[in-house]
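The following note collects points for discussion on the model shown below. Please read it alongside the coordinates.

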Amino acid sequence: MAFEKKPFNNSIFDVNPGDLFKDFGNQIFDQFPNNIQIKSDVTELEDYFVIEAELPGIKKENISLAFNKNILTIEAQQTQLNKEEDSAGKVIHQERNYSDLKRQFKFDNIDDQGITAAHDNGILRVTLPKLPKEEQKATQIDIN
């Protein structure tokens, strides 16, 4: 909201400093294209995690996955070329759209050798198996 009504007899000491700069970033960044995010769901089950990420219109060849230092990185590149031609084959209008998408997730206790992924109908499904929990033994500590 660009303008928010405030009571007229409001004291200057009742003003929240955040209200002064609330729309400052929007005024600057509205000039740039919208930040595209990879929408995703993360589910934790007993033995593994599942990430389902929406990547509509992106081919499997344009998606890369990496798991390094407990961070899963999903990267995708999307290229759209809209080309209209007249009956003689001359280009009368052409637009290009390139976007790079990246999303990272941090996980602990993952068996990185067992990670699997599948891409179907614009949904990337990544399964990350957990490492078996080591049995924790109770240790008696002597007090000096």
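Are Phe49 and Phe107 buried or exposed? Both residues are buried, where buried means under 20% relative accessible area, exposed over 50% and partly exposed in between (1.4 Å probe, protein chains only).

1. Basis. The model is predicted; local features need pLDDT of at least 70, side-chain atom pairs count only at pLDDT 80 or more, and totals for chains, interfaces and linings use all residues. Residues are numbered from 1 along each chain as its sequence is written, and side-chain values use heavy atoms, with hydrogens and water left out.

2. Aromatic pair. The count comes to 1 aromatic pair (ring centres within 6.5 Å; planes under 30 degrees apart are stacked, over 60 edge-to-face, the rest tilted). Phe49 and Phe107 form this tilted pair, at 4.8 Å centre to centre with 50° between the planes. Phe49 belongs to strand S2, whereas Phe107 lies in the loop between S5 and strand S6 (116–120), 58 residues apart. Strands here are DSSP E runs of at least two residues, numbered from the N terminus.

3. Charge over the ring. Lys130 lies over the face of Phe49, 4.9 Å from the ring centre; the criterion is NZ of Lys or CZ of Arg within 6 Å of the centre and within 35 degrees of the ring normal.

4. Hairpin. Strand S1 (residues 40–44) pairs with S2 in the antiparallel sense over 5 bridges, pairing requiring at least two DSSP bridges. The two strands, S1 and S2, form a hairpin with 3 residues between them, and Ser40 stands opposite Ala53 in S2.

Technical notes
Rings of Phe, Tyr and Trp (its six-membered ring) pair if their centres lie within 6.5 Å; planes under 30 degrees apart count as stacked, over 60 as edge-to-face and the rest as tilted. Helices (H or I, at least four residues) and strands (E, at least two) are DSSP runs, numbered from the N terminus.
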